[in-house]
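Please look over the sequence and the model displayed here before reading the report. The text is meant to be read alongside them.

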Amino acid sequence: MTQNKRRLDGMTTTPAIDTDAVDATERLRGVGLRVTDSRRAVVDALGHRPHACAEELFELVARAVPGTSLQSVYNALGDFVDAGLVRRIEPAGRPGLFELRVDDNHHHLVCSECGAVVDVDCVVGDAPCLTPSDTHGFVVHAAEVTFWGVCARCDSATRRASAVAASGSA
Ligand SMILES: [Zn+2]
Ligand SMILES: [Zn+2]
């Protein structure tokens, strides 16, 4: 228990993947996937853009490996998810979003205005962090929480806009 607590404290200071530490080749080999230029480029893109959708990643990958198709990015992401290299999250109304941060049971804050996605460390650390009132006989492995709200930037933009409106009508 003490060990979990310590691990969690350490995680709170590292909100995003350290992109320098992302060695795409190592990661691919680590899960037994064949290393190709486009796969490596997809992993690199994910290191720079956590919670990106396939189209956003494709833009980065196509710059690094010209001639890569959107379909091949989709295929790579599918292989990565199956291999446990990448986690896919699907906030309602958004395309699937991908990230390299797997297996730590973290949750997400999603801005309903601009769509910004931010990692939130699970307060418990261990999956599942929530206990259903009735499991109906299920063996529960994980709980995913999406906190919906308005990010600080959108919130201050809204405040500014309403302040301007108020002073304009006075
Ligand atoms: Zn926002
Ligand atoms: Zn995340």
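## Overall make-up

This is a predicted model, and the protein in it has six helices and six strands. Read from the N terminus, the elements follow the order α-α-α-β-α-α-β-β-β-β-β-α.

Of the 170 residues in the protein, 15% are buried. When contacts between residues at least 6 apart in sequence are taken, 47% of them join residues at least 24 apart.

## Helix α5 and helix α4

Two packed helices are described by the angle between their axes and by the distance between those axes. For helix α4, which spans residues 54-64, and helix α5, which spans residues 70-83, the axes come within 9 Å and cross at roughly 115°. Angles from 65 to 115 degrees count as roughly perpendicular, and α4 and α5 are therefore roughly perpendicular to each other. The crossing of these two helices is right-handed.

On the α4 side the contact is made by Ala 54, Glu 55, Leu 57, Phe 58 and Val 61, which meet Leu 70, Val 73, Tyr 74 and Leu 77 of α5. By class, the residues of this contact between α4 and α5 comprise eight nonpolar and one charged, with no polar residue among them.

## Helix α5 and helix α3

Helix α5 also has a contact with helix α3, in which Ser 38, Arg 39 and Val 42 of α3 meet Ser 72, Val 73, Ala 76 and Leu 77 of α5. The residues in the contact of α3 with α5 divide into four nonpolar, two polar and one charged.

As for geometry, the axes of α3 (residues 37-48) and α5 come within 10 Å and cross at roughly 70°, an angle that makes α3 roughly perpendicular to α5.

## The three-stranded sheet

Three strands form an open sheet in the order β1-β3-β2, and their pairing is antiparallel. Strands β1 (52-53) and β2 (87-89) stand at the edges with a single partner strand each, so one side of each is left without a neighbour in the sheet.

Strand β3, residues 97-99, is joined to β2 by three bridges, and the two strands run antiparallel. Within this pairing, Arg 88 has Phe 98 in β3 as its bridge partner.

Notes:
Residues are numbered from 1 along each chain as its sequence is written. Chains are lettered from A and ligands numbered from 1 in the order in which they are written. This is a predicted model: local features need pLDDT of at least 70, side-chain atom pairs count only at pLDDT 80 or more; totals for chains, interfaces and linings use all residues. Axes are lines fitted to C-alpha atoms, for helices over the stretch in contact, and angles run from 0 to 180 degrees between N-to-C directions. Helices (H or I, at least four residues) and strands (E, at least two) are DSSP runs, numbered from the N terminus. Angles under 35 degrees count as roughly parallel, over 145 as roughly antiparallel, 65 to 115 as roughly perpendicular and the rest as oblique. A crossing is left-handed if the near helix is turned anticlockwise from the far one by less than a right angle, and right-handed if clockwise. Two residues are in contact if their C-beta atoms, placed from the backbone, lie within 7 Å. Ala, Val, Leu, Ile, Met, Phe, Trp, Tyr, Cys and Pro count as nonpolar, Asp, Glu, Lys and Arg as charged, and the others, Gly among them, as polar. Two strands pair if DSSP finds at least two bridges between them. A residue is buried if 20 or more other C-beta atoms lie within 10 Å of its own, exposed if 12 or fewer, and partly exposed in between; C-beta atoms are placed from the backbone.
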